[in-house]
Amino acid sequence: MRNVFVLFSILFLSFNSRAQPVATGTIRGRVVSADGQPAAFVSISLKGYPQGTTADETGTFQLGSLPVGSQTLVVSAVGFDPIEQVVQVDAQPAPDVVITLKANARALNEVVVTASRQAESLSKVPSAVSIVTPRQIAEQLNINTNITNVLMNTVPGFGYFTNRTSNTGQTLRGRQVLVLIDGVPQSTPLRNGGRDIRTIDPSALERVEVIKGATAIYGNGADGGIINYITKNPAGNKPFSGQTWVGLTSGLSNATDTQGWRLSQQFSGKTNRIDYVLNGTVERTGLFKDATGAVISPFYNLGQMNSYNLLAKVGYRLSDRQRVEVMYNYFGSESKLKYREQLGKFGVTPTIGVPTESVPGRPQGTPYNHNATVRYMYNELIGKTGLEVVAYLQSFRTVYGYEAEFFENGGQSNVVSNKNGVRLNLYTPYRLGSAVSGNLVYGLDALNDQTAQKLEDGRFWTPDMRMRNLAPYAQLKTDFFDQLTLKAGIRYENIAVRVSDFTTLKTYNATTKKYDGGLAVQGGDLTYNALVGNVGLRYSGLKALQPFVSFSQAFSINELGRILRTSQRSVVSQLETKPIIVNNYEAGIAGQLGRYVSYELNAYQSSSELGASYRQLPSGVFEIIRAPERVSGYEAALDVTPLRWLAIGGSYAYIEGKSDGNADGDYETYLGNDRIASPKTTAYIRLQPSAAWTLSVSTLTAGSRDRFRPNASGVYAYAQAPVRAYTLVNLSGSYQFTPAWSLALGVENMLNKDYFPAISQWAARDADYIKGNGARGTLTVSYRY
């Protein structure tokens, strides 16, 4: 890693010595709708350049370090037709520009940066992408502040919210997902502890970009796709502005002890050279109760939990073409729940919580998730070629509940992961005559990842694993007549994992009533190399008809830690640790029918010659089954705006998956419900009579999936119990009293539905048979200055 940093330093010095200053200017302006109302959270970028920003709540924006001359601004937002407006950039301050947008049902040209690691329009991306917009985040925060709940309600193909600290079962299209914060990996593929999705508070986010389907553009772990959390940027052109949010939550029936609170504070600003954002959130949830008033089981419970998030981001313009940005984000959570579980009976009575004087072990939760990045950008470094270098650190720890019997002499496990790395990105635009243009994005990713799962007393459940990954990549995009986009790329994975010597922990065998384990295992080095690629084609010449087809691959090391911790071999090299390579084939179509209707339809099939699924043995221990797998499905979304103040829409996602257990080419065995979510349907109706207030009612329906039979005793295996359908109705509304003051109200499960979440049904275990939340309300007041 030291040699990589030295190489980058030499490159910078060399490039700086060659670069010649160019004249630049700044554009300031305001974006409004056709009726003159501010258009908030609109994306503004400079055509042909990486610069971009987002308008604030008042529609105000500022875009600096622009080349002098006639330039084209690309303005897009969900709910409006995209627009390109030519502006004149001068070295001296120019009058503010006013950009007027026309409303439509759902704009397709939202800018996305995750799909190719450079900003581009959705209409140029030959794959399925979901953008969770600032408005969607704000609406969902009124209902439930957990980011996994936000994603469930807004992203077709994403699994169901568990109502727990764990995101077990929340797959994307039936496969594991790679989670990023501003492009920095949060997932721990060496030992996936099921906590990587809930690693940041939604208040720190500007938007979420979800790239669906296998992809290798960011490396190890994206079998089902990528979730990239994009943190907030300063909006507007004020040197100082702020906003304060104060929220109160409570159960709406049997409300005793269910009250909680939330406080968020944000400061941001821009000057000629400096821009900054400082955002902090503190939350204390109240007691969680089901629709009957019973306290929900403490197993991974989110009730009476303290959570903290701090985002600090500062950017500095070094010169007309150079910028450096430093970001730090901290997220932490800790349970304060003084309840123990009262075990129920699966399928008969739920497991609930009852008061206790003390809880053994340390509080469960995520004590810390630290992320720090330094981002350096140089526009037009040599010719038109631009450079971006990101150096990052990530340190993560999560704590599970205390197990008195499972571990010999008791114990409480942690997953601890520390990463550091560098991403070198270069982008070179090109043009061949008037008909062909595009760009080449290429570079190198270097990553060190040290992960282990151990008990609080120091015993290692998985050994210490140290991964080194060095991966060059290239992505070529070509536009023909600005209507047909061809994209193709490759990435070479070069991974080495060093596994320490270890002794397997002794764990309780439910069959023999004894403790198994204690095997000494010799560690060693494991190497993985693979060339993966993608190719896709998208047509964007017609608004009403924008089809795409694509093929993409993903590479991942499958849960190495879980394989090692149950080792039956005395040497690591003798274990089955082959990686997973996923091939994803997809076709889709999207479009806008007039100004009032937009739609999207995608169908896909992903296959892997050697997949991985969990199976729980009678002893209670999980083992991993390696077999060929095939997952297929489709997603549909429709949005209609028949009136300026009325929007109606929804989505439907269907997934199915099977494995070929005997490798005879016949995929005869269904994958478990922990991998394959039952059909999911969402619907909403949004009223906005004026710019001052908005009211929306949304529903989520979890469909049924019943693919397995119980054993002779009538007992279902883990992940094989049937999921029965249920529907939840949520309410979100806001009113802007003045430009400074606003009030928001949200109700989760407003009909007080008594139900078991999907995971409680399919897990088929007494301890997991836990009901979901009853009706809960949130009231938030905000003040902007």
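Let me begin with a term: a residue is called buried when its relative accessible area is under 20%, exposed when it is over 50%, and partly exposed in between, with a 1.4 Å probe and protein chains only. By that rule, 57% of the 785 residues of this chain count as buried.

Before I go on, please keep in mind that this is a predicted model, in which local features need pLDDT of at least 70 and side-chain atom pairs count only at pLDDT 80 or more, while totals for chains, interfaces and linings use all residues. Residues are numbered from 1 along each chain as its sequence is written, and side-chain values use heavy atoms, with hydrogens and water left out.

The overall form comes next. The radius of gyration, taken over C-alpha atoms, is compared with a globule rule of 2.2 Å times the number of residues to the power 0.38; for 785 residues a compact globule would come near 28 Å, and the chain, at 26 Å, agrees with that. Along the principal axes, the C-alpha atoms fill a box of roughly 80 × 55 × 45 Å. If contact means heavy atoms within 4.5 Å, then among contacts with a separation of 6 or more, 67% join residues 24 or more positions apart.

As for secondary structure, helices (H or I, at least four residues) and strands (E, at least two) are DSSP runs numbered from the N terminus, and the chain has five helices and 45 strands.

Strand β2 pairs in the antiparallel sense with β5 (residues 69–76) over four bridges, and V75 in β5 is the bridge partner of I44. Both S43 and S45 are also touched by V111, whose other contacts beyond four places in sequence are S76, A119, E120, R207 and E209. V111 sits in strand β8 (residues 111–112) and is buried, at 13% relative accessible area.

What about the nonpolar cores, each a set of buried Ala, Val, Leu, Ile, Met, Phe, Trp, Tyr and Cys residues joined through side-chain atoms within 4.5 Å? The largest has 29 residues, and those with the most contacts inside it are V497, V499, Y528, I557, L560 and L564. Its largest share, four residues, comes from β32. A second, separate core of 23 residues includes L172, V179, Y229 and V277.

I will finish with helix α3 (residues 147–154), in which eight of the eight residues are buried, so the helix is largely enclosed by the rest of the structure.

Terms used: Pairing = 2+ DSSP bridges.
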